[in-house]
Structure formats: C-alpha cells, structure tokens
Amino acid sequence: MTKSPGETSKPRPFAGGGYRLGAAPEEESAYVAGERRRHSGQDVHVVLKLWKSGFSLDNGELRSYQDPSNAQFLESIRRGEVPAELRRLAHGGQVNLDMEDHRDEDFVKPKGAFKAFTGEGQKLGSTAPQVLNTSSPAQQAENEAKASSSIAIDESQPTTNIQIRLADGGRLVQKFNHSHRISDIRLFIVDARPAMAATSFVLMTTFPNKELADENQTLKEANLLNAVIVQRLT
C-alpha cells in the first residue's frame, strides 16, 4: 500500500489466524486461530422530522423526497423495518426512532440549542410494553391456526396480506379481503392471542405513526392494503 506524503505508519496488532511453522522438517505446521475482534453494539436514538419537501434526521440537513435513496429509506420505515443506514449506526444495537410531523412547514435548520423531543415515538424492531405470553409454542401455533381459519375469505374478491406486530414481540401475517374491517383485525389478534382479550390496546400504522380510531372502516377505506399494523397497549 502507498502512503500519502507526511503520513506516518502506526503498527496494528495482527488479529487473524496463522500457521506456526514446524521446528524441524518432519514436524507439521500447526494452524493457530487468531483472536476475534469484538464488535459491541450500541443503542441509537434518532428523531425523524418530516417536512414539506423532504425530511431530516436529528439536526441534520434536509433530504429530498425525490431522491431515490431517501425514498427507499422512508419505504423501509413504512414497512416497519430498520433502514440499513440506521443499522450501520447501531452496529447491531437497538434503534429507537421518534417521528415529528412538520409536513405543512418548510424546512427549518435547527439552531445550536438542543430541544428535547416530547412527543410519541415507536421503537423499531419491538413494541413496548411487552406482554407475557404463557402459551406453549404448540398451543400458540394452534391458536394462530384457529384464528386464521376464522377469517372468512371470499377468493372471488380482491385480497390483501396484513402484517401485525404484536405487543408481546410476535408477528402475524393474515390474508383479508379489501372489504374486511379494522375490527376484524382486532378479533383476529384476540383469537390468536387469547390473553389479549382482557387487555386494552389500540391498532396503529407504522408510517405515519397513526392510531386507527375508526375500526368500522374497511381495509381499503383506511388505506391499509398490504400494510404493517402495530398493536400498542393502553
């Protein structure tokens, strides 16, 4: 490797594997495993601010909605996934994402003073608080199968798959007709997790983070086709 002018070389300890050569011709060389470097993850907290013409992260610059890479970033969040950019920041740790809606405002570059976020946020990758699920894996699978069979699907009508992120950390994917209502999703969750029957919860979208208050709406009316829905305890 070539060095730029003025660059000083700093020795780095070798961390890979190697062979210990035999002391005599008849002695075989032995492979010695190197010490693996430890990668410690760190929790990352990011505030996503949505503006009229783009978005910003924390106190960063405006990022245009028209940029394909930015559109992919937002699409990952809409699906309830952690964008690759944030995963790299966390190095395997937890990513906590809060959202601020300023879509009726032009971008305002933040000043030096820091103002703490006081709104609601959603932790990607998990939902909180957690619910203790006391069912065995076999019983849980049976409950989920029973819940799925209880949803009457009209194959002659349009269908959609809804992914549901549960408060106990589980995930469900169920096929519905466009004409099914949000209340049908609630009943499906209770059938799949009977312990939820006595628990108060709301259903929310992931992006934007919005409570589905009118459960009489059909999935098509609520724009929930192929959507990700989050269960939040109240």
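User: Which residues of helix H1 (residues 68-78) are buried?

Analyst: In this predicted model, local features need pLDDT of at least 70, side-chain atom pairs count only at pLDDT 80 or more, and totals for chains, interfaces and linings use all residues. Residues are numbered from 1 along each chain as its sequence is written, and side-chain values use heavy atoms, with hydrogens and water left out. The buried residues of H1 are Asn70, Phe73, Leu74, Ser76 and Ile77. Buried means under 20% relative accessible area, exposed over 50%, and partly exposed in between (1.4 Å probe, protein chains only). Helices (H or I, at least four residues) and strands (E, at least two) are DSSP runs, numbered from the N terminus.

User: Why is the pair of Phe55 and Phe73 called stacked?

Analyst: Rings of Phe, Tyr and Trp (its six-membered ring) pair if their centres lie within 6.5 Å; planes under 30 degrees apart count as stacked, over 60 as edge-to-face and the rest as tilted. The centres of Phe55 and Phe73 are 5.4 Å apart and their planes are at 15°, so the pair is stacked. Phe55 lies in strand E4 and Phe73 in helix H1, 18 residues apart.

User: What makes the pair of Trp51 and Phe107 edge-to-face?

Analyst: The distance is 5.5 Å centre to centre, with 90° between the planes, and planes over 60 degrees apart count as edge-to-face.

User: Why does Trp51 count as buried?

Analyst: Trp51 has 6% relative accessibility, under the 20% limit. Phe107, at 23%, counts as partly exposed.

User: How do you know whether His180 is buried or exposed?

Analyst: The relative accessible area of His180 is 12%, so this residue is buried. Leaving aside neighbours within four places in sequence, His180 is in contact (heavy atoms within 4.5 Å) with residues including Ile151, Gln217 and Leu219.

User: Why is Glu221 called exposed?

Analyst: Its relative accessible area is 55%, and exposed means over 50%. Glu221 is found in the loop between strand E10 (201-205) and strand E11 (228-233).
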